[in-house]
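Reader: Before I rely on the terms you use for this model, I would like to see each one set against its definition. Could we go through them in turn?

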Amino acid sequence: MAAPTAPTAPQPEILAAFEAAKGFMPVDEGLALYGAAVEAAALGLPLLEVGTYCGRSTILLADAARAAGVMAVTVDHHRGSEEQQPGWEYHDPTVVDPEVGRMDTLPAFRRTLHAAGLEEQVIALVGRSPQAAAVWAAPVGLVFIDGGHTDEHATADYEGWAPHLAPGGLLVIHDVFADPADGGQAPYRIYRRALESGAFTEVATRGSLHVLRRTGAGL
Ligand SMILES: C[S@@+](CC[C@H](N)C(=O)[O-])C[C@H]1O[C@@H](n2cnc3c(N)ncnc32)[C@H](O)[C@@H]1O
């Protein structure tokens, strides 16, 4: 009998949890991320996310990980990116810690995972992405970059995590906009850099979400 294949779309309750979670990712991009996560999880290696925020995209990685018996790992300092700070376009005052006076998305993230029934499937690294990448030593099956959108942060995420990607693993980059009129260029620049390195081949695109496979060594 053939082995059962993992579903390419999440179960309705997982999709509902994704839609209910705070975050910015539209459903169509979420479905593309989920498809990549299901495929990458078949490598039997952890799935790594940079940029947890309140756990919206983490739900999809965690569900795909659960089906394959691997873990999802998600990294965030939970203090928010530049564009999420007070006075900026993506600020949400409900995720400010009134005692500290700074953003803290960790409680919302934990509520999101609890509501989705996925707490057991996720390791949350609370800290800065480059520092986490520097102490990380295991190969991963997927790297999803959705952290800080400045050149400094996007470049550090790429340089820190892409080398941990196993051969055949998937590099997924969010908010890739070729036209500056559509959004910031830092994710686009690391996307171009990955392709031009010769180490990656593009396998899928949905909206601003691009999926590349590691097909070479020269990072
Ligand atoms: C766009 S949000 C992530 C959205 C999330 N992936 C989703 O779909 O719901 C970016 C997140 O990256 C985090 N971040 C930005 N720069 C970071 C860094 N250098 N290290 C760790 N986290 C960072 C911010 O705190 C923020 O929560």
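Reader: What makes helix α3 largely enclosed by the rest of the structure?

Author: A residue is buried if 20 or more other C-beta atoms, placed from the backbone, lie within 10 Å of its own, exposed if 12 or fewer, and partly exposed in between. In α3 (residues 56-68), 10 of the 13 residues are buried, so the helix is largely enclosed by the rest of the structure. The buried residues of α3 are R56, S57, T58, I59, L60, L61, A62, D63, A64 and A65. Helices (H or I, at least four residues) and strands (E, at least two) are DSSP runs, numbered from the N terminus. This is a predicted model, in which local features need pLDDT of at least 70 and side-chain atom pairs count only at pLDDT 80 or more, while totals for chains, interfaces and linings use all residues. Residues are numbered from 1 along each chain as its sequence is written.

Reader: Why is Y53 called buried?

Author: Y53 has 29 other C-beta atoms within 10 Å, and therefore counts as buried. Y53 lies in the loop between β1 (47-50) and α3, and has a positive phi of about 50° although it is not a glycine. Most residues other than glycine have a negative phi.

Reader: And how do you know whether D175 is buried or exposed?

Author: With 24 other C-beta atoms within 10 Å, D175 is buried. D175 is found in the loop between β7 and α7 (186-196), and its phi is positive, about 60°, although D175 is not a glycine.

Reader: Which residues touch the most other members of the largest nonpolar core?

Author: A nonpolar core is a set of buried Ala, Val, Leu, Ile, Met, Phe, Trp, Tyr and Cys residues joined through C-beta atoms within 7 Å. The largest such core has 65 residues, of which A37, L47, L142, V143, L171 and V172 touch the most other members. Its largest share, eight residues, comes from helix α2 (residues 27-41).

Reader: What makes β5 (122-126) and β8 (200-206) edge strands?

Author: Two strands pair if DSSP finds at least two bridges between them. The open sheet of seven strands has the order β5-β2-β1-β6-β7-β9-β8, with mixed pairing, and β5 and β8 are its edge strands because each pairs on one side only.
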